Structure formats: structure tokens, C-alpha cells
Protein chains: 2
Amino acid sequence: MSERIITISREFGSGGRTVGRMAAKALNIPCYDQEILEELARKSGFTQGYIQEQGEYAAHAGWLSNALASRFSDGLTSQDRLWVLQRELILELAEKGPCVIVGRCADFILREKADCLTAFIHADMSFRAKRIVEVYGQRQDSPQKRLQDKDRRRAAYYQFYTDSQWGQARNYHIALDSGVLGIERCAELLTQLY
Amino acid sequence: MSERIITISREFGSGGRTVGRMAAKALNIPCYDQEILEELARKSGFTQGYIQEQGEYAAHAGWLSNALASRFSDGLTSQDRLWVLQRELILELAEKGPCVIVGRCADFILREKADCLTAFIHADMSFRAKRIVEVYGQRQDSPQKRLQDKDRRRAAYYQFYTDSQWGQARNYHIALDSGVLGIERCAELLTQLY
């Protein structure tokens with residue numbers, strides 16, 4: 001595995017997924033995001049909705065809910081099992097050739113396995129709040145509350161499975177503020193650095 | 001104050017200062033670094049060596065040494081006094097016009113005062129260890145030990161005076177790994193984004 005891969009970690013609502021798709025299109029390589037969900041659903045039997053939640057976010061109630069979570073006969077929680085499948089799948093995708101992989105700790109999973117450009121996309125709360133309402137619509141909770149919850153749980157998930165800090169600049173080759181620089185500009189920068 | 005300014009925060013040994021100088025040269029604007037030391041020495045009466053240490057690094061022994069530190073008649077420690085002078089000087093420099101300012105929490109000091117592009121330059125330990133020996137020569141302590149000490153004290157200084165976390169991607173518009181991307185490439189990216 002030595003193909004050149006772009007991994008994109010991102011804050012919820014920052015447009016990191018769109019940055020990944022735009023960069024992949026410009027480079028004419030695949031961007032894996034929805035495909036990962038579909039493949040994991042096929043392999044695990046979990047629904048895509050469950051995978052979307054459990055494959056990047058710590059459970060709401062934290063350790064307690066984990067301790068009480070249903071376990072498989074091998075002692076793994078369903079979230080642990082999803083992590084194992086997700087890791088295998090990302091390693092397989094990396095073997096196929098150059099690509100962009102969005103989220104799912106791919107930066108960590110591939111850190112010594114492939115030639116990666118690791119990116120982190122973030123933006124301030126007001127930019128993201130506006131964007132999640134445009135993209136995902138209104139919910140009962142305010143956009144700010146939704147973002148705080150997502151940020152906290154994504155950071156906890158990353159910390160738990162990688163033992164390193166999510167969003168720390170030194171963990172990425174490039175980190176960009178999509179709110180200030182613009183989503184298109186971020187995609188251009190990644191394309192150019194590839 | 002609305003001039004366009006690049007602020008560069010950097011890990012010791014990452015080449016952030018060189019990135020700043022190269023970008024400033026390409027943009028034909030001044031890069032303030034040594035000038036800040038000289039001006040602060042003139043205003044404060046402290047030596048440049050003292051300012052270089054105390055203007056970006058927490059004291060070695062932490063809180064205890066701070067509690068025991070000599071204080072001026074206004075109750076400020078010498079490090080607090082230096083912070084006040086440094087802050088005033090950076091605000092003055094920002095008023096003069098477009099420029100690059102390296103280090104000294106300029107990103108925080110100018111956060112609502114000027115139109116800034118805030119950058120963070122970092123690199124892994126082996127890149128920085130090699131580089132500090134080339135640039136600053138050998139010392140009694142190993143390069144790794146020197147870097148760990150500098151990183152820890154710089155982070156503590158930043159946290160103390162800005163109440164935010166040094167090196168957290170979301171605090172900067174762009175964060176770059178100079179070890180992977182190369183110092184020249186980092187300078188080009190900043191020049192291009194300016």
C-alpha cells in the first residue's frame with residue numbers, strides 16, 4: 001500500500017465532505033464516503049443510519065452506556081465491532097489505489113500503511129450553524145446545540161479509538177478554516193498539494 | 001486597523017520564522033520578528049535574550065516561580081509587564097500597514113483588531129530535531145529534550161495569556177506541516193492565500 005490518498009477529517013457542518021468530493025473530482029480519483037456506509041451496512045447487518053452515528057461518534061451517555069451495551073460473543077460491543085470492520089474496509093480501499101476518504105479516522109488507520117495527505121477542515125460555529133440548517137434542515141434542537149453535541153462526541157470517539165486528540169494541528173499535514181477561506185478554496189489547495 | 005496581516009505561530013524548530021520571512025519577501029511587506037525583540041529591549045530595559053525567553057515561554061518552574069518572581073510597584077511580574085509592552089507594540093505594528101508577524105501570540109492579540117490570516121507551522125520531532133541542530137548548533141541537552149521543553153513552555157505561555165489552546169487547528173485559518181510539505185511550499189501557500 002503506497003498509493004497516494006487524501007484523508008479528510010472535519011468538523012460537522014464545515015463542508016469537509018464537499019471539499020473532499022470537489023478535490024476528488026478535480027483529481028479524477030474516487031471519493032469514499034457514502035460507499036463506506038453502504039459496504040459496512042452490507043458486511044455488518046447494521047443499518048446505514050446506525051453506522052453513520054456509531055462509526056464516528058461516541059455514544060450519548062458515554063462510558064456507562066458502553067458498559068451496558070450489548071456485546072457479541074467475542075466480548076466486543078457493537079461499536080467496537082463496527083470499528084474493526086471499518087478499519088478493514090479502509091485498508092482495503094487504500095489498497096485499490098489513489099482516492100479521497102472522508103472521516104472515520106482514516107488518517108489514523110492509514111498512518112503507517114499508505115502515502116497520505118491528511119487534512120482537517122473546520123469552521124467557526126456561526127458558519128457551521130448556518131450551513132447545517134441549509135444542508136440538513138431545522139431540527140428540534142438549535143443548530144448550536146446540535147454542533148456542540150456532535151463536536152463533543154466525535155472528539156470522544158476519535159480519542160477513544162486512536163488515543164490522540166481530534167483537531168490538534170500537529171496530527172494533520174494541513175488544517176484549513178473553510179468558513180474563512182471558503183470551501184472551494186480549500187478543495188483547490190488540497191488538489192494543488194496532492 | 002484593518003490592514004491585512006499574516007500572523008505565524010510555530011513550533012520551535014519547524015521553520016515557521018523562515019516561512020514568515022519568505023512569504024513577506026514574496027509579498028514585499030515587512031516581517032516583524034527580530035525588530036520586535038529590539039524594540040521591546042529599548043522600551044523595557046530587558047535584554048533581548050531575556051525577552052526572547054520570557055516573551056513566548058512560561059518560566060521553567062511554573063506557578064511557583066511566578067509566585068516568587070520579583071514584582072514591579074504595580075504588582076505585575078516582569079513577564080506580565082513584558083506581555084503588556086509586547087501587546088502594545090504588536091497593535092502599533094499592525095496599525096502601520098500590511099506585514100507578517102512571527103510568534104508572540106499576535107494571532108490572539110490582533111484577533112478583533114485587524115484583518116489577519118492566522119497560520120500555525122508545525123513539524124514532527126525528527127524534522128525539528130535535525131533542524132535545530134543545523135540552525136542553533138548542539139547543546140548539552142539532546143535536541144529532543146530541548147524541543148519537549150520548548151513545546152511545553154510555549155504551550156503554557158499561550159494558555160496563560162490567551163486562555164486558549166496552542167496548536168489547536170480551529171484557532172488558525174491554516175495549519176501546515178513544514179516537515180512533510182516543505183518550508184518553501186508553506187511560504188508559497190501563505191503568499192497565495194494572502
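In the predicted model, the interface between the two chains involves 22 residues of chain B in contact with 22 residues of chain A. The area buried between chain B and chain A is about 1900 Å², and carbon and sulfur atoms give 50% of this area. Three residues, B:Arg170, B:His173 and B:Leu193, supply 27% of the area that chain B buries against chain A, more than any other three residues.

Polar interactions across the interface were counted separately. Between chain B and chain A there are 16 residue pairs in polar contact, both residues of each pair being at pLDDT 80 or more. The count of salt bridges between chain B and chain A is two. In one salt bridge, the side chain of B:Arg170 meets that of A:Glu11, with an N to O distance of 2.7 Å. B:Arg170 is also one of the three residues named above for their share of the area that chain B buries.

On the side of chain B that touches chain A, the elements giving two or more residues are β4 (115-122), β5 (174-177), α9 (178-181) and α10 (183-193) of chain B. By class, this side of chain B has 12 nonpolar, six polar and four charged residues.

Strand β5 (residues 174-177) of chain A pairs with β5(B) in the antiparallel sense, over three bridges. Within this pairing, A:Ile174 stands opposite B:Leu176 in β5(B). The sheet is open and has 10 strands, in the order β2(A)-β3(A)-β1(A)-β4(A)-β5(A)-β5(B)-β4(B)-β1(B)-β3(B)-β2(B), with mixed pairing. Its edge strands are β2 (31-32) of chain A and β2 (31-32) of chain B, each of which pairs on one side only.

Confidence values were examined for the complex and for chain A. The predictor gives the complex an ipTM of 0.86 and a pTM of 0.88. For chain A, the mean pLDDT is 87, and 91% of the residues reach 70 or more. Within chain A, confidence is highest in β5(A), at 98, the strand that pairs with β5(B). Confidence in chain A is lowest in helix α4 (residues 63-68), at a mean of 55. Where pLDDT is low, the predicted coordinates should not be read in detail.

Definitions and conventions. Residues are numbered from 1 along each chain as its sequence is written. Chains are lettered from A and ligands numbered from 1 in the order in which they are written. Side-chain values use heavy atoms; hydrogens and water are left out. Contact means heavy atoms within 4.5 Å. Buried area is the accessible area (1.4 Å probe) that two parts lose on being put together, summed over both. A salt bridge is a side-chain nitrogen of Lys or Arg within 4 Å of a carboxyl oxygen of Asp or Glu. A polar contact is a pair of N or O atoms within 3.5 Å; within protein, one must be able to donate a hydrogen and the other to accept it, and residues adjacent in sequence count only if both atoms are side-chain atoms. Helices (H or I, at least four residues) and strands (E, at least two) are DSSP runs, numbered from the N terminus. Ala, Val, Leu, Ile, Met, Phe, Trp, Tyr, Cys and Pro count as nonpolar, Asp, Glu, Lys and Arg as charged, and the others, Gly among them, as polar. Two strands pair if DSSP finds at least two bridges between them. pLDDT is the predictor's confidence in each residue, from 0 to 100.
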